[in-house]
Each structure stands twice: as structure tokens, then as C-alpha cells.
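The following report considers strand pairing, salt bridges and aromatic contacts in turn. The structure is shown first.

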Amino acid sequence: STFKDDLARMFSDAECIPAGKVTFAVGPDNRRFSKLNKGLLCVRSEYFLRLFSSGMAESGDETKEGVDETVLEVPDADPAAFKTLLDYIAKDEVSFEANDAWLAFDTLKLARKHGMVRLEKLCMVALEGEELLTAGSAVPLLERSRVHADEDDGRLFDTCRRFVLENGSAVVAAGGLEQLQEHAPVTKGLLRDAYEELDLYRGRGGGGDEGNPRGRKRRRTQ
């Protein structure tokens, strides 16, 4: 955690840290997060520091009373994920409930965008845990993580693929196949995994003790 150092920076580098308040209007419904401290945002995120130091952000609406408050629209962010990011900035902790897989994933993307490495890692750990990665969430997470596989070396994508392969019956029973949105790319990959696994059990997969599946180490999906 860099929380203590970040707060100390607010005082030691006060002249270099942007001052004033900012209001964010987030998502298609413009959910407002009002009068947030710019200084705290800037010491916790290099993205916010660049944003409020560039001068471009100051073109937002100012209050009639003359208070230095910028109103910025963030139409492409999920309001719940944005709130989770703001809560982490203020509290230095994050937690997700059992049905919060999508919230964790959207928060991970925001953390990556804002250069908040620790928050990104905490989201990844949560997504790989038993509470969030379930038979009901594995396939949608698989598809969504595929789009961002290059950004995290495919870690979450590979984790979801292995989960689906090892828990195929439970995923089918939970409606995983019906949840597929983009059939071709993901389905081909899953079928390839299945065929490779069948080859192993049929004794064509290479490695020692081919005739006895229990005597072989399971091959990791590629």
C-alpha cells in the first residue's frame, strides 16, 4: 500500500498538487459524485494528476459562487465501479460480494486506466477467488476478459478457460452455453481445450503413462 506516502505527499508537495473540488457525472445517466477533493485524487492516481495539471480539465463548468469546482463527464464508466474506485482512493481497501463479478471486472478496468496498480491486483485476486469465479459467471467473464487479454497477459482469460474445462458440467447446468455472446472465438478455444483433454485421456496426448489418465499430470491449456 502507498496510502500513507500518498497522504504525506499532499502536505509535502502541496504547491504542486492541484487544489479545489471536482464533480464527476458518470455513465449514461450522469450519476453525480460531487465536490471531491482534487488533491486526494491526484496523489492517489497519476491519471488524475495529469488530468488536473493539464489545464484541459479546467474548461469544465465552474460554480456561480466562484468556487474552483470542475464538472467532468465520464460517460463510458460504470457508476458502481467508479464509486468503488473512489472508495478505494479514500479508504485504501476494496471488497466484493459473491455476485459482484461484473463490478470487480469493471473496477479492474478503471484501476488499469487510472494507473492504480494495487487496486488492479486486488480486483484480479477477487476475480480468481471462489466467491466470484463460479459456474454462473465463468463464461461471461471468459468472453469479457478475452477482449482485454493483451493488457494482463491473458491471466484472467486463462483462469476462466481452466475453470470452464474443469467444471464443464456445472457450467452447462448454470446456463453457461446460453450466456455466450460472441460464439466463434471463444467456442473454438473451448472446443480446442476439450479435444486436447480427450486426446490425453485416450492416450494420444504425449507424455509418459499415456494409458492411465490418473498417472499423468494434467496438461495446462495453451
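At 17% relative accessibility, arginine 112 counts as buried, because the cut-off for burial is under 20%. The model discussed here is a predicted one. The side chain of arginine 112 forms a salt bridge with that of glutamate 120, at 3.0 Å from N to O. Glutamate 120 has a relative accessible area of 18% and is therefore buried.

**Salt bridges**

In total, the structure contains nine salt bridges.

| Aspartate 92 | Arginine 118 | 3.2 Å |

Aspartate 92 and arginine 118 form a salt bridge whose closest N and O atoms are 3.2 Å apart. Aspartate 92 is placed in the loop between helix H4 (79–91) and helix H5 (101–113), and arginine 118 in helix H6 (residues 117–128), so the pair ties together parts that are 26 residues apart in sequence. With a relative accessibility of 12%, aspartate 92 counts as buried, while arginine 118, at 32%, counts as partly exposed.

Aspartate 106 is buried at 15% relative accessibility, whereas arginine 144 is partly exposed, with a relative accessible area of 28%.

Strand E1 (residues 21–26) is mostly covered, five of its six residues being buried. E1 pairs with strand E2 (residues 31–37) in the antiparallel sense over five bridges. The two strands form a hairpin with four residues between them, and glycine 27 in the turn has a positive phi of about 80 degrees. Across the pairing, alanine 25 stands opposite arginine 32 in E2.

Threonine 23 is located in strand E1. Its relative accessible area is 0%, so threonine 23 is buried. The C-alpha atoms of threonine 23 and lysine 38 are separated by 9.6 Å, the two residues being 15 residues apart along the chain.

**Aromatic contacts**

The count of aromatic pairs comes to five. One of them joins tyrosine 47 and phenylalanine 48 in an edge-to-face arrangement, at 5.8 Å centre to centre and with 75 degrees between the planes. Tyrosine 47 counts as partly exposed at 25% relative accessibility, while phenylalanine 48, at 1%, counts as buried.

Phenylalanine 48 also forms an aromatic pair with phenylalanine 52; this pair is stacked, at 6.1 Å centre to centre and with 15 degrees between the planes. Both phenylalanine 48 and phenylalanine 52 are buried. They are four residues apart in helix H3 (residues 46–53), and therefore about one helical turn separates them.

One aromatic cluster is formed by Phe24, Phe33, Tyr47, Phe48, Phe52 and Phe82.

Key. Residues numbered from 1 in each chain as written. Predicted model: local features only at pLDDT ≥ 70, side-chain atom pairs only at ≥ 80, totals over all residues. Heavy atoms only, no water. Buried < 20%, exposed > 50% of the residue type's maximum accessible area, 1.4 Å probe, protein only. Pairing = 2+ DSSP bridges. Salt bridge = Lys/Arg side-chain N within 4 Å of Asp/Glu carboxyl O. Phe/Tyr/Trp six-rings, centres within 6.5 Å; stacked < 30°, edge-to-face > 60°.
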